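Here is a short note for a colleague who has not seen this structure before. Please read it with the model open.

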Amino acid sequence: MPKQNQELANKYYTRSIASSEKGEVDKAIEDYTKAIELNPEFAEAYYQRGLAYSKRGEIEKAIADYTQAITLKPDYADAYYSRGGAFLRLDEREKAEIDLTTARNMGADAITALDKILQDHDRAWKVLGNA
């Protein structure tokens, strides 16, 4: 990949992180997508776009991006954890258990992952009108 493309992909990625932190999820997804178009091997951009899709409730798209991140970076424990959480949201418990176990075996912190999953479920519960 030309150096110029990588530099531009990094700029879109950095801007998308800032947009995501400000709650501008749609803008973040646009910029992650541009970063991926410039660098299709950008595992972190797929992962972060998956997180953004998850925030929008587009779980299947999130899973697809987590899967691509894992394909590009097979030791990406965070992607396994997030995909496991997404599978739980779809009530696909066997797939979730496999991913969470894989991430734990990679040395990732299971407590942090479970906390994140519980936070995601709590947010979803509130969005559905359950206070």
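1. A cut-off comes first. A residue counts as buried under 20% relative accessible area, as exposed over 50%, and as partly exposed in between. E58, at 21% relative accessibility, therefore counts as partly exposed.

2. Keep in mind that this is a predicted model. Its average pLDDT is 87, and 80% of the residues score at least 70. Confidence is highest in helix α4 (residues 59–72), with a mean of 98. It is lowest in helix α7 (residues 110–127), with a mean of 63. Where pLDDT is low, the predicted coordinates should not be read in detail.

3. On the overall layout: the protein has 7 helices and 0 strands. Of its 131 residues, 40% count as buried. Among contacts with a separation of 6 or more, 47% join residues 24 or more positions apart.

4. Look next at helix α3. It is mostly covered, with 11 of its 13 residues buried. Among the buried ones are Y46, Y47, R49, L51 and Y53. Does its length agree with what a helix should span, or disagree? At 1.5 Å a residue, the 13 residues (43–55) should span 18 Å; the end C-alpha atoms lie 19 Å apart, which agrees. Just after α3, G57 takes a positive phi of about 85°.

5. Now the charged pairs. The count of salt bridges comes to 10. In one of them, the side chains of E58 and R56 meet at 2.5 Å, N to O. R56 counts as partly exposed because its relative accessibility is 37%. Side chains of opposite charge can pair when their charged atoms come close.

6. A second pair is D99 with R83, a salt bridge at 2.5 Å, N to O. D99 lies in helix α6 and R83 in helix α5, so the pair ties together parts that are 16 residues apart in sequence. D99 counts as buried because its relative accessibility is 3%. R83, at 13%, counts as buried too.

7. The loop between α5 (77–89) and α6 (93–105) holds D91. D91 is not a glycine, yet has a positive phi of about 60°. At 53% relative accessibility, D91 counts as exposed. Which residue does D91 form a salt bridge with? The partner is R93, and the closest N and O atoms are 3.2 Å apart. R93 counts as exposed, at 54% relative accessibility.

8. One last item concerns shared partners. Salt bridges join D26, R56, E58 and K61 into one network.

Conventions:
Residues are numbered from 1 along each chain as its sequence is written. Side-chain values use heavy atoms; hydrogens and water are left out. Helices (H or I, at least four residues) and strands (E, at least two) are DSSP runs, numbered from the N terminus. Buried means under 20% relative accessible area, exposed over 50%, partly exposed in between (1.4 Å probe, protein chains only). Contact means heavy atoms within 4.5 Å. The expected span of a helix is 1.5 Å times one less than its number of residues. pLDDT is the predictor's confidence in each residue, from 0 to 100. A salt bridge is a side-chain nitrogen of Lys or Arg within 4 Å of a carboxyl oxygen of Asp or Glu.
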